[in-house]
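The sequence and the structure are shown first.

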Amino acid sequence: MTKGLIVSQLSHSYGAKKALNAVSFSAEAGKFTALLGPNGAGKSTLFGLLTRLFVATEGEIEVAGHGLADAPRKALAEIGVVFQQTTLDQDLSVLQNLRYFAALHGLSGSDAATRIDQVLDQLDMSERRHERARDLNGGHKRRTEIARSLLHNPSVLLLDEATVGLDAAARRSITRHVHDLTTERYLTVLWATHLVDEVYDDDDLIILHRGEVLSKGRALDVANGMDLSDRFLMMTGSAL
């Protein structure tokens with residue numbers, strides 16, 4: 001089966017306002033693809049379409065070989081997602097949050113326990129499994145959400161501004177963890193951000209601005225000999 005994510009000629013409007021205009025790109029398995037754009041570029045609209053929070057009327061989305069329009073259940077089963085706003089139950093522990101999510105996916109008993117142990121270990125959260133979500137710092141809450149998104153063994157991981165509100169050290173740690181997951185689990189990662197320092201030179205990069213793709217390719221090539229921050233500012237006119 002084809003792995004990865006393919007978006008073809010995707011458009012979306014809110015009334016008369018065009019939020020996305022013929023957006024096309026692919027994200028490969030085992031690679032970290034950064035979706036870089038200033039606030040208002042259309043990143044969250046794109047994620048809403050990818051996760052079927054609303055339905056695309058123009059264009060096509062393919063997830064691990066499944067068309068999102070034709071086979072939505074199969075496509076969505078391949079996706080793990082971390083949204084910009086936290087969705088943890090604050091009164092439950094890390095372990096309870098993961099057990100609840102596992103049950104929603106039909107996982108229980110030793111299978112669920114094994115997967116929970118695995119994802120907590122990968123995200124360096126094993127020692128915090130009994131802490132309540134509300135008592136975690138921002139970075140550990142994000143790690144918990146990433147761990148939760150991996151429980152059903154998705155092949156595509158979507159993260160929308162996953163480091164929003166975190167300090168520099170926590171942002172760096174989360175970004176490194178997700179980069180590591182691409183090789184450890186051979187994941188397709190699409191990482192939406194407005195922060196240039198979260199993009200590595202060898203990452204695949206898509207620059208989105210005002211609903212259109214301005215550039216795509218390896219980040220170092222997109223920078224074209226410039227500092228990527230300067231290149232991004234030149235292309236979008238955005239304040240960094």
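Predicted model: local features only at pLDDT ≥ 70, side-chain atom pairs only at ≥ 80, totals over all residues.

Contact here means heavy atoms within 4.5 Å.

**Helix α3 with helix α4**

Under that criterion, V94, L95, L98, R99 and A102 in α3 meet A112, I116, V119 and L120 in α4. By class, the residues of this contact comprise eight nonpolar, no polar and one charged. Helix α3 spans residues 94–104 and helix α4 spans residues 109–122. Their axes lie 10 Å apart and the angle between the helices is about 130°. Because angles over 145 degrees count as roughly antiparallel and 65 to 115 as roughly perpendicular, this angle makes α3 oblique to α4. The crossing of α3 past α4 is right-handed.

**Helix α3 with helix α5**

Helix α5 covers residues 138–149, and its axis and that of α3 cross at roughly 25°, coming within 10 Å. Since angles under 35 degrees count as roughly parallel, α3 and α5 are therefore roughly parallel to each other. Here too a right-handed crossing is found as α3 passes α5. On the α3 side the contact is made by V94, L98 and F101, and on the α5 side by T144, A147 and R148. These residues divide into four nonpolar, one polar and one charged.

The two axis geometries are set out below.

| Helix pair | Crossing angle | Axis separation |
|---|---|---|
| α3 and α4 | about 130° | 10 Å apart |
| α3 and α5 | roughly 25° | within 10 Å |

Technical notes. Residues numbered from 1 in each chain as written. Heavy atoms only, no water. Axes fitted to C-alpha atoms, helices over the stretch in contact; angles between N-to-C directions. Helix = DSSP H or I, 4+ residues; strand = E, 2+ residues; numbered from the N terminus. Left-handed = near helix turned anticlockwise from the far one by under 90°. Nonpolar A, V, L, I, M, F, W, Y, C, P; charged D, E, K, R; others polar.
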